[in-house]
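Consider how one chain of this model is built and how it meets its partner. The account begins with the fold and then turns to the interface.

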Amino acid sequence: MGNTYTTPPTVPDTGDLIAGKIIKTESIERMGNLSNYLHAYGGTSTCISQAFDQNTCVTASTSFVDLCRWRIPIPSNDHTTIDFHVNAQVTTTGTGTIKFTLTDGNSVAQGDSSISITSTSMGLATVSHSFSSATTSDYVDIVMSGKVAAITYDLDIQIVAARFLPLSSPLSAGATAQGTNKITPFGLGRLANNYPLSSRAGVQWRTNIQTMRSRKRPLLSWSGVENPSSAFTGRGKGPRSLGEGDVETMQIQSSLFLGGGALTLYVYIVDISGTKKFAFMGRTFSVTSDGWNEFSFFPDLSNVSPQSSSFGISLYKIQPSSYNQSDTLLDNLDRRAAFFGNLPRITALSLWSN
Amino acid sequence: MLVPTSFQPITSEESVYMGVTVMGGVVSQFAQAMVQMSHCKFLGFANYTISKPTQSPTFSNVYLLTNWSGLPKGLNKTSKYYSFLFGSTPLSEWIGVIFQYVATKESSTNSPVITFRTKDLSGTLLSKSVRFTYSSHLNMTIDGDIDRPYTATTGANFYDPPSGTSGFDTPRPLYIPPSNRGDMLLLEVEVEDCDLVSVSFFDLYQPEVTP
């Protein structure tokens, strides 16, 4: 049977797993199956999800220019293929190219992949990218750049989404890792009839659980449009940096779990000078350097959203908080940091949870 | 079995060492911890913010290049489409939606409508669409000032899987047929007389699962 799993995964009957009852082989096999499924599928839902109104994320450049950047967690060292999906068009007949360039957290270039856009109406396009080398990093930085073949029209991107592909069954034999944390797939044959329920299996379950509990979920991956350009007046004027208005309009919601520990927040800073501040989910953070800055904080789990009661699970608003002091990094009408392009600002932001 | 929503403390490693009697509770804890991850932590989700043009409120030809405050008015008289993508899991069945929108009443004929359609990547409609309408499910700003976003949800009442793909249902979670679970899905949203600001899609948490 190897290190197999089924989809949807089988679930053990915990009624069989109580003191005084005989532990059934079926329950143990199902737990091995479920552990393998978790390693294969855990953390493989959408990791980049961002939308732009039409004529907002555009380029009319004939050489590649960076448009957006995201920092996203890698589910495990085995998850090395990521699918990028875009909804895009060129504004008149011609060719646009969207390129995704990946660099892992160890500063190792993991290659790039491109999508050619020739449709003059919004349409979906996909590219599957495999890392160019093995990695032990727990995240990857992705830069989306774009260009067109002639300056007379725009490449217009409306939706960008990505997901790591789940691992196929059976999983590869032997222990593997998520960063530096160990995961060992279960050979279901060894959990079958007439095999001992060994100490090895118990330690393996426990280790796998601890490792996969720490696997990150990207709750928010936001990027400004860094270098838009257009062949048409008034286009390419979307947000380049995080602004005061985002406090009210960036109100996506996600579940957080008791015992889930700290959230990991990354912000990408441009043109920093001195110490600047911003607030996120009610916490204030200080920044002193350009590029990606990492923060860790414990969310206020009592601050559930009003919509939680409609879904039977605690949901939380994942959003920047208002911070209006003179040292703010949130752009606003008076500051106009992105407009003048020489003041400290946040141009990308990612939030992960366990 | 019940599906926990929290990370319960797990038993010490010594409890599964050689020479220690295997206790049902220890194994049960492991099972519960894994089901928490499969049926709660690692359910599918996609959170979209929608970047808008940043025209100054003062100067018509000046763009601030940041979301300075609030939003443009939601006044689209023609249909506007968003094609969101959602990475479903093999356990996905019902997708809950929470979304923000703006709608401004500047004409007596304004009547906001938002329609959700579940499609595969080739554009084939997978289940009956879900429609939000004014004034049953959507609001509208009356005074014409700068809009503040409203929030609406599908709620999480479970329905029988809808039959067929034609027509519309009133707000309910979006349904994924068994053959498409685990796929990347296209969630198309059509808005009229209003505008979408952000949207969260997520697999509905089901508090109990049958082994």
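What percentage of the contacts in chain B with a separation of 6 or more is accounted for by residues 24 or more positions apart? Such residues account for 79% of these contacts, a contact being two residues whose C-beta atoms, placed from the backbone, lie within 7 Å. This is a predicted model, in which local features need pLDDT of at least 70 and side-chain atom pairs count only at pLDDT 80 or more, while totals for chains, interfaces and linings use all residues. Residues are numbered from 1 along each chain as its sequence is written, and chains are lettered from A and ligands numbered from 1 in the order in which they are written.

Chain B has one helix and ten strands, taken as DSSP runs numbered from the N terminus (helices H or I, at least four residues; strands E, at least two).

At the interface, 76 residues of chain B are in contact with 83 residues of chain A. The largest share of the chain B side, 13 residues, comes from α1(B). Strand β1 (residues 46–52) of chain A pairs with β1(B) in the parallel sense over two bridges, where pairing requires at least two DSSP bridges. Phe52(A) stands opposite Ser51(B) in β1(B).
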